[in-house]
Amino acid sequence: MSEIKVLDENLINKIAAGEVVERPSSIVKELVENSIDSGATEIVVEIEKGGIQEVKVIDNGKGIIKEDIPKAFLRHATSKIKTENDLFRITSLGFRGEALASIASVSEVEIITRTKTDDWGYKAIVENGNVINIVDQGAPVGTTITVKNIFYNVPARLKFLKSETREQMYITDLMENYALSHPQIAFKYIANKKLIFLTKGDGNLKNVIYTLYGKNTYENLIEVNCSKETITLKGFVGNSKLEKSNRNYQSLFVNGRIIKNKTITAAIESAYKSMLSINKFPLYVLQLLINPEFIDVNVHPTKAEIKFEDEQKIFKEVYSCIKDALINKEYIPTVEINYSPGDINNAISSTQTSFLNDNENKTFEVSNLYKTIEKNQSIFETVNDNNYNVNTYKQDIENNTNIFDYSNKISFENVSDNFSKPILNKYDSESNNLLPKMTVIGQIHFMYIATESIDSFYLIDQHAAHERILYEKYFNEFNDTGINKQILLTPYIIELSINEKDLVLQNIHLFNDLGFEIEDFGGTSISLRTIPNNFINKNYKEVIEELVANIQSYENDRLKSIDKIIYTLACKNAIKAGDKLNIKEMYSLIEQLRFCNNPFTCPHGRPTMIKFSYVDLEKKFKRIM
Ligand SMILES: Nc1ncnc2c1ncn2[C@@H]1O[C@H](COP(=O)(O)OP(=O)(O)OP(=O)(O)O)[C@@H](O)[C@H]1O
Ligand SMILES: [Mg+2]
């Protein structure tokens, strides 16, 4: 008997749905794109329980005539392309005629639609992919599609969905991108009956950015409006004040379609070179217009990627548009880079690797060092206070004297006085330490502390060492009663994105334990009432954003997440390569390091010190053999 059978239509659709409908946000994507293609000027999206329970999309577009309703839910049925040639000049967002069939095969769908030539509308239910029961229904011109119980008949898929809040975040992210890519459409986005945002649809992109990202972003935008041989690039990029710790604020649209593309990302980020700190990313909202014949949109099942006919040319044109925009607005050293094809490939592949490392903290901040060197000329600092040594340091500790001189690193004007004193590690008994007593020789290169013990010479990386100290201190405090905090005299208001704020509020107790007491400040803002004790990094917004990114990326592994979060906190607050230290500060660092559980590496395994024994040195100088 033959073993090979042709599958029935419903099963084929279910299999195909796997590619199109991965999660509730895929449904929102397909429905909103259909609404945009239908010429709608107003689109309302309502979701319940992260879209898992219900997604409803209402538009005022052209509607579907009665006889086409069943066809709309058939696979490979579309009104958007007719011939093979059309495939090479696609101007609509949809073209495969697959979305509705795929959605209907994994959920329960209801459609109400009316065209402007009809006097009333129609309502239909779609069950198991088949349109049943089309009835007359009073309705305005346009289409409303309601999708319920996604994956009710594919439990394996349901299991792979994340939490409702997480699924909602994916949808919010997507909705922001539609609002940004189509400022001429009024979007209303409601989740669990709560209005998340509303855009006017007056075509003003800058106003949409204000609605989604707030005033601070709005005030730091640089306009891009540039035409080259093959592309036109329009929109806004952030100035250097808007540098971000991840790529969440990068929106690229190619002919209205939301796209991720490494060539363009690499071109934009290359144009920013030297303007942003290491491992920071620019904000951008850019629309790239290109003749559809020069691109292939049919390369990815969810249409999220495209292929350009000439990648090198696109790179050069995008790079030059962004560079011009930045040069007009910001000071950039004018060394023009003439990118050769090899350079471009390098830039793209390094963007690719850094895509993977977005949330990795790179702690070595050379740019900082150079700034200091410029200011201070000398890069070798010897100790001129010979009277200060480890014994005086011990004395200071016993007398409770302020050791860490924060005066040049933090101004306490915004911090209530009771809390301004640094809390130092208890000076434990000498038997607990893993390192010998040391004498500080001086600071080298504003990066390393040179010390000596009875038999060795040490170079200690000041940043790595401080990171280790803070990491252990924060870890202990966190596990005890929470990280010690200090109260800000005036609360500090931070504007976040919608999703970031959601995550902060959901994890408000965790932030509290980390030393950040936070309250909802309305809109997309939060207010910060406390910070961890002696927090010298005053860029609170950046710190909160980075903590949010950590929470986001380690959602599934709480333990690992806490570790990473505490590490981030330590890294953000540690003295940097390039910070000038005085003798007391150096002793304080060394002494605290000596009593760490693991003084030899930073929390990520980089060494904190290099040791040269005097015997080794003598061998090197051939004094002994
Ligand atoms: N909101 C809507 N308003 C008007 N017509 C619609 C709407 N949604 C769907 N249609 C019609 O139903 C057809 C099928 O939609 P479907 O999303 O399945 O395919 P598509 O958009 O043509 O291609 P793709 O699979 O790439 O999305 C569309 O071609 C369009 O004619
Ligand atoms: Mg479609």
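**A loop and its surroundings**

Tutor: Leu 93 lies in the loop between H3 and H4; helices (H or I, at least four residues) and strands (E, at least two) are DSSP runs, numbered from the N terminus. This is a predicted model, in which local features need pLDDT of at least 70, side-chain atom pairs count only at pLDDT 80 or more, and totals for chains, interfaces and linings use all residues; side-chain values use heavy atoms, without hydrogens and water. Residues are numbered from 1 along each chain as its sequence is written, while chains are lettered from A and ligands numbered from 1 in the order written.

Leu 93 counts as buried because its relative accessibility is 4%; buried means under 20% relative accessible area, exposed over 50%, and partly exposed in between (1.4 Å probe, protein chains only). Apart from neighbours within four places in sequence, Leu 93 is in contact (heavy atoms within 4.5 Å) with Glu 33, Ile 36, Asp 37, Gly 256, Arg 257 and Lys 303. Arg 257 is 164 residues away from Leu 93 along the chain, yet their C-alpha atoms are separated by 6.5 Å.

Glu 98 is also in the loop between helix H3 (69-72) and H4. Its relative accessible area is 15%, so Glu 98 is buried. Beyond four places in sequence, Glu 98 is in contact with Val 20, Arg 75 and His 76. The side chains of Glu 98 and Arg 75 are joined by a polar contact of 3.1 Å (a pair of N or O atoms within 3.5 Å; within protein, one must be able to donate a hydrogen and the other to accept it, and residues adjacent in sequence count only if both atoms are side-chain atoms).

Ligand 1 is surrounded by 20 residues (a heavy atom within 4 Å), the closest being Asn 34, Thr 78, Ser 79, Lys 80 and Glu 98. Oxygen atoms of ligand 1 lie 2.8 Å from a polar side-chain atom of Asn 34 and 2.6 Å from a polar side-chain atom of Thr 78. A polar backbone atom of Gly 97 is 2.9 Å from an oxygen atom of ligand 1. On its own, ligand 1 has 590 Å² of accessible area, and the protein covers 94% of it; areas come from the Shrake-Rupley method with a 1.4 Å probe, and for residues only the protein chains shown count as cover. Helix H2 (24-37) and helix H4 (99-105) are the elements that give two or more residues to this shell.

Now the whole. The protein chain has 20 helices and 23 strands. Of its 625 residues, 51% count as buried. Among contacts in the protein chain with a separation of 6 or more, 71% come from residues 24 or more positions apart. The chain exposes about 29900 Å², of which carbon and sulfur atoms supply 50%.

Elsewhere, Ile 562 sits in helix H18 (residues 558-573) and is buried, because its relative accessible area is 13%. Ile 562 touches Phe 478 and Leu 510, not counting residues up to four places away in sequence. In helix H19, eleven of the twelve residues are buried, so H19 is largely enclosed by the rest of the structure. At the start of H19, a side-chain oxygen of Asn 582 comes within 3.1 Å of the backbone nitrogen of Lys 584.
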